[in-house]
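Please look over the model below before reading on.

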Amino acid sequence: MRQSNRRAPTPLEIMADRHAESTGSHRTMERDPRDESTQIANEERRKQTPVLSAIIAGLGLWVALSGLLLDAGATTTAVTNNLLVGLVIALAAGYNYYRVRNDVPLSPVVASLVAILGLWLIVTAPALGMVGALFWSTFAGGILVVGLSGWTVYSARDARTVTGDVRSRF
């Protein structure tokens, strides 16, 4: 009598087959052509994200240093604000850059924090009595940080949807 080389399925395999039958996932996995174009677009966004995070980190460093370099009559509060907020922006954007470079999805929470800090820069530029080059540097830096980090929040949300990782973790 001839013996078969087939092994008996494990309990886990049996459960997986039953689950596939109950959910209909055993059907052929034909992809909609629109899914492929969406995947390509998301791949392009994923490739741009580290560059944007690095630019945002650079803007944060500029805001931090601009308080010291463009000090033309600015108050101590304005210089300290720029230094602290700029460093937090640089660190948070650097953290997202590190995550994306190590194939971990970008953190939408951290990118949202950076966007809020960019709004803070826009509001505090006139509120703290900044004038001249420091005012325009802080104001423009805030606008750029809000715009770029807003785009990265959008990209992070989209990337998490594609990968199925919908948890919002740091």
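L84 is part of helix 3, which spans residues 76–101. The model is predicted. L84 has a relative accessible area of 51%, so L84 is exposed, the cut-off being over 50%. G67 is 17 residues away from L84 along the chain. Their C-alpha atoms are 9.9 Å apart.

Now to S149. This residue sits in helix 5, residues 132–163. S149 counts as buried because its relative accessibility is 1%, and buried means under 20%. A polar atom of the S149 side chain lies 3.3 Å from the backbone nitrogen of A115. A115 is also one of the contacts of S149, along with I56, A111 and V114, when neighbours within four places in sequence are left aside.

The two residues compare as follows.

| Residue | Helix | Relative accessibility |
|---|---|---|
| L84 | helix 3 (residues 76–101) | 51% |
| S149 | helix 5 (residues 132–163) | 1% |

Which residues have the most contacts inside the largest nonpolar core? They are I56, V85, I89, V114, L121 and V145. This core has 13 residues. Helix 2 (33–69), helix 3 and helix 4 (108–127) each give two or more residues to it.

Beyond its neighbours within four places in sequence, I56 is in contact with I89, A93, V114, L148, S149 and T152.

Terms used:
Residues numbered from 1 in each chain as written. Predicted model: local features only at pLDDT ≥ 70, side-chain atom pairs only at ≥ 80, totals over all residues. Heavy atoms only, no water. Helix = DSSP H or I, 4+ residues; strand = E, 2+ residues; numbered from the N terminus. Buried < 20%, exposed > 50% of the residue type's maximum accessible area, 1.4 Å probe, protein only. Polar contact = N/O pair within 3.5 Å; in protein donor to acceptor, adjacent residues only side chain to side chain. Contact = heavy atoms within 4.5 Å. Core = buried A, V, L, I, M, F, W, Y, C linked by side-chain atoms within 4.5 Å.
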